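Let's take a friendly walk through a protein model. Have a look at the sequence and the structure, and then we will go through some details together.

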Amino acid sequence: MKKTDRISEFVKDLAPGATSEFDRCYLGYFACFNRGEYYEAHDVLEHLWLKSRDEHHRFFKGLIQIAGAFVHLQKQYRRPDHPTDGRRLYPAVRLFALGMENLAPYRPRYLRLDLDNLFRLCERQTQAILASDYSRNPWCPEAAPRLELDELQGRP
């Protein structure tokens, strides 16, 4: 089975019977992210991003990069002494910066996501890492962040 087919099947299970205004991959991103499945969140949204060349393209790219940053934090948390995984705080900081750069034009809210809240989350993670001189990972499973879409109407 090709990756695109696998992702299509995967998102059906994430948002069964979804009748939302949003693509299942977009909704699937949040379902995966909120379960701490950051790699899967990245993969699901990348599936949509690769097909999009519209006004959402850079927005999706930024969210993918944020999920990627959390992949690095999660891996470093699980194996801090591993030769590769132990050094993942640097790329996490870089991906947070790239993600925020790509999301900035869409602030304060886009596709029902409060980007100001997301920026505060990314900045807290980054600042904690920088303040420790890359020696402390602020992520832990017990306090894993959640991203929720709001119910406000108005700006997409």
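Which residue forms a salt bridge with Glu-148? The partner is Arg-146, and the closest N and O atoms of the two are 2.9 Å apart. A salt bridge here is a side-chain nitrogen of Lys or Arg within 4 Å of a carboxyl oxygen of Asp or Glu. Arg-146 counts as exposed, at 51% relative accessibility, and Glu-148 is partly exposed, with a relative accessible area of 47%. Those words have cut-offs: buried means under 20% relative accessible area, exposed means over 50%, and partly exposed is in between (1.4 Å probe, protein chains only).

Before going on, a word about what you are looking at. This is a predicted model, in which local features need pLDDT of at least 70 and side-chain atom pairs count only at pLDDT 80 or more, while totals for chains, interfaces and linings use all residues. Residues are numbered from 1 along each chain as its sequence is written, and side-chain values use heavy atoms, with hydrogens and water left out.

The structure holds seven salt bridges. In another one, the side chains of Arg-35 and Glu-37 meet at 2.9 Å, N to O, and Glu-37 is partly exposed at 26% relative accessibility. Now turn to Arg-88 and Asp-85, whose side chains meet in a salt bridge at 2.7 Å, N to O. Are these two residues buried or exposed? Arg-88 counts as buried at 14% relative accessibility, and Asp-85 is buried too, with a relative accessible area of 7%.

Next come the rings. The structure holds 17 aromatic pairs; rings of Phe, Tyr and Trp (its six-membered ring) pair if their centres lie within 6.5 Å, and planes under 30 degrees apart count as stacked, over 60 as edge-to-face and the rest as tilted. One of the pairs is formed by Phe-70 and Phe-96, which is edge-to-face, with 5.2 Å centre to centre and 85° between the planes. Phe-70 lies in helix 4 (residues 57–78) and Phe-96 in helix 5 (residues 89–103), so the pair ties together parts that are 26 residues apart in sequence. Helices (H or I, at least four residues) and strands (E, at least two) are DSSP runs, numbered from the N terminus. Phe-70 is buried, with a relative accessible area of 0%, and Phe-96 is also buried at 0%.

The pair of Tyr-90 and Tyr-134 is stacked, because the ring centres are 3.9 Å apart and the planes are at 10°. Tyr-90 is in helix 5 and Tyr-134 in the segment after helix 6 (115–131), so this pair links distant parts of the chain, 44 residues apart. Tyr-134 is partly exposed, with a relative accessible area of 23%.

Now find Leu-48, in helix 3 (residues 38–51). Leu-48 is buried, with a relative accessible area of 10%. Leaving aside neighbours within four places in sequence, Leu-48 is in contact (heavy atoms within 4.5 Å) with Asp-23, Cys-25, Tyr-26 and Phe-60.

How far can you trust the picture? The pLDDT is the predictor's confidence in each residue, from 0 to 100. The protein chain averages a pLDDT of 89, and 84% of the residues score at least 70. Over residues 152–156, however, the pLDDT is below 50, although this stretch has 13 contacts in the model beyond near neighbours in sequence. Where pLDDT is low, the predicted coordinates should not be read in detail.
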